[in-house]
Amino acid sequence: MNQKKKETRALRVACLGAGYFAQFHYDAWRRTGRVALVGACDQDLEKAKETGLAAFKDLAVMLKMTCPDLLDIITPPPTHLAAIKAGISQGVRAIICQKPFCTSLEEAEEATRLAEKAGVTLVIHENFRFQPWYRTFKHALDSGVLGDVLQLTFRLRTGDGQGPRAYLDRQPYFQDMPQLLIHETGVHWVDTFRYLLGEPEAVYADLRRLNPVIKGEDAGFFVFDYPGGVRALFDGNRLLDHAAENCRTTLGEASLEGTAGTLTLSGDGSVTLRPFGNLKETVLLQSQPWQGFGGDCVKNLITHVVDGVLDGKPLENEARDYLKVIALEKMIYEADRQGRKIRDVAYA
């Protein structure tokens, strides 16, 4: 079997976007080997200049002048399709696009088709599955140490959604999003649940808005059903917090329960294993001062993509597969609207 020969030259990377979350991307790129950052673009040129890179206000100009191999899109969904088209037209080899991916499933499908037709690798920057605690969950699952897994639960408690100034200090556009809890945040666990347990057979949801100053929902839950009575529960409430020095480390707490034991994720990022019928817990992942965001998951994803582009390693979260996440998100909102469980889960 022929294997792709590893490339030795640096991968040229240009970034679109210099807003709040982009800081984690630029930091991660600078700490990633085998890459060269060649440009930053933002509609606010001063923000682009603050990155210390060659700064641009126009994406097409940046692409023509810097000739990147990879375009990293770190901007809101309404910009995604046009940016992907621009990258493809200028001959980039690969594109990373932040989530939520485009403004609709139809737009995401179009972007996916265009990238596939051009032979451009398109990966969605859905990074929570790359957090070290969920990688630890996956290793435990694959090892069989939990026995037959029956329940996966995540309780989102960000503690940033109370009062009239909710979200204004960091991401003020949250107040105006017509769909917030699931579309912007819960979608992370739609993907993470798929990563850990696979594709669900049924979806149920009950969502609500608690803070009257925002437009979208900020609390509620969704449940995924799997064969054999297995369930995954997302229980989210942005007005409440959890026991952590920094609620943004894990954004909440999780458990993965099986017939032979239970894994527990705490707010400090540590993971423990308690065997069934036992009071003693074993630490599988120690809490530590991770760099970057969420256990350095931005860098973990970026490194994963670089290895995929340069070495031909298999990639997670390619656009075609990520369309399932968007379809499941739509089903969550529809299940809430109908007030019933949707059993006919379909992705096309």
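Tyr167 is buried, at a relative accessible area of 6%. The model is predicted. Tyr167 sits in the loop between strand 7 and helix 7 (181–197), and its phi is positive, about 75°, although the residue is not a glycine.

**Backbone geometry**

- Most residues other than glycine have a negative phi, and most peptide bonds are trans.
- Asp296 has a positive phi near 65° and is a residue other than glycine.
- Asp296 is located in the loop between strand 14 and helix 8 (297–311).
- With a relative accessibility of 11%, Asp296 counts as buried because the cut-off for that class is under 20%.
- The peptide bond between Lys99 and Pro100 is cis, with omega about -10°.
- Pro100 belongs to the loop between strand 5 (94–98) and helix 5.

**Pairing of strand 10**

- Strand 7 (residues 149–156) and strand 10 (residues 231–237) run parallel and are joined by 6 bridges.
- Phe154 stands opposite Phe234 of strand 10, and Arg155 has Asp235 in strand 10 as its bridge partner.
- Strand 9 (residues 219–225) pairs with strand 10 in the antiparallel sense, over 7 bridges.
- Phe224 has Ala232 in strand 10 as its bridge partner.
- The hairpin of strand 9 and strand 10 has 5 residues between the strands, and Gly228 in this hairpin takes a positive phi near 75°.

**Helix 4 and helix 5**

- Two packed helices are described by the angle between their axes and the distance between the axes.
- Helix 4 contributes Leu81, Ile84, Lys85 and Ile88 to the contact.
- Helix 5 contributes Glu107, Glu110, Ala111, Leu114, Ala115 and Ala118.
- By class, this contact of helix 4 with helix 5 has 7 nonpolar and 3 charged residues, and no polar ones.

Key:
Residues are numbered from 1 along each chain as its sequence is written. This is a predicted model: local features need pLDDT of at least 70, side-chain atom pairs count only at pLDDT 80 or more; totals for chains, interfaces and linings use all residues. Side-chain values use heavy atoms; hydrogens and water are left out. Contact means heavy atoms within 4.5 Å. Helices (H or I, at least four residues) and strands (E, at least two) are DSSP runs, numbered from the N terminus. Ala, Val, Leu, Ile, Met, Phe, Trp, Tyr, Cys and Pro count as nonpolar, Asp, Glu, Lys and Arg as charged, and the others, Gly among them, as polar. Two strands pair if DSSP finds at least two bridges between them. Buried means under 20% relative accessible area, exposed over 50%, partly exposed in between (1.4 Å probe, protein chains only).
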